Amino acid sequence: MRDNLDTAGMAGEIVATCRVMMSTGLVVGTWGNVSRRCSPESFQITPSGVPYSELLLEDLVVVDLQTGSCSGRLRPSTEAPLHAAIYRMRPDVGAIVHTHSPYAAVFAVNRAEIPPLMEEMAQLVGGIVRVARYAASGSAELAEGAVAALQDGAAVLLANHGLVGVGRTLKDALTVCQVVEKSAQVFLWARLSGTPHLLGEQEVLELRRGFLQNYGQPGTNARQ
Ligand SMILES: [Zn+2]
């Protein structure tokens, strides 16, 4: 397995992302997982069953995209096949964050998509967050369903399970999960308190285009 890049530096970013997920309520216990592409053929992922508060750099596992073979002292997250399937289908994806955040979970158990109701969701996610068909956690069927529902988007809901956000970087993927969670919360409260007005298809396209072309500082990837 080729793994030429700085996996120690990447591991630090993965552990830092896990700590943010835990401290902001996107996950509890050992649920959820985080990965980052190491090379065209491999990715580094959190291990199975290790609490985020105890996670060490050396606990992370490198997984071959095609064969699923691993290098590391622990077993990878049981959702490694899901991550591998997304990396194989989407060469543009450099990182994946999977959360069990509560408001996204409301839509996941209702098996209801989240529409682009706020500008930041249109800008960052680019459209509807679809729901993958139900399949058991860790199964090949879950990976197939998630890839089919994700298509070229930035997020997908896993039925009765949670949320997956993707991006070029871990920061991007984490921000996608945070924005979708906030949008799910707002949509739920808006429906309970009134009649939400959703953004139109053309408005979403223009917001997304403007964000990709103009947001942040020239020559940087700054997006916040
Ligand atoms: Zn999960």
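**Basis.** I worked from a predicted model, with local features needing pLDDT of at least 70, side-chain atom pairs counting only at pLDDT 80 or more, and totals for chains, interfaces and linings using all residues. Residues are numbered from 1 along each chain as its sequence is written, and side-chain values use heavy atoms, with hydrogens and water left out.

**Zinc ion.** I looked up the protein donors (N, O and S atoms within 2.8 Å of the metal, 3.2 Å for Na, K and Ca; water is not among the atoms, so sites may look incomplete). I found NE2 of His98, His100 and His161, lying 2.0 to 2.1 Å from the zinc ion. Their spacing along the chain reads H-x1-H-x60-H. I noted His100 as partly exposed at 25% relative accessible area and His161 as buried at 15% (buried is under 20%, exposed over 50%, partly exposed in between; 1.4 Å probe, protein chains only).

**Val164.** I placed Val164 in strand β8, residues 162-167 (strands are DSSP runs of E, at least two residues, and helices of H or I, at least four, numbered from the N terminus). Val164 is buried, at 1% relative accessible area. Leaving aside neighbours within four places in sequence, its contacts (heavy atoms within 4.5 Å) include Leu82, Ile86, His98 and Cys177.

**Helices α2 and α5.** I checked which residues meet: Pro81, Leu82, Ala85, Ile86 and Met89 in α2 face Leu142, Ala143, Ala146, Val147 and Leu150 in α5. I also recorded that the C-alpha atoms of Ala146 and Val164 are separated by 8.7 Å.
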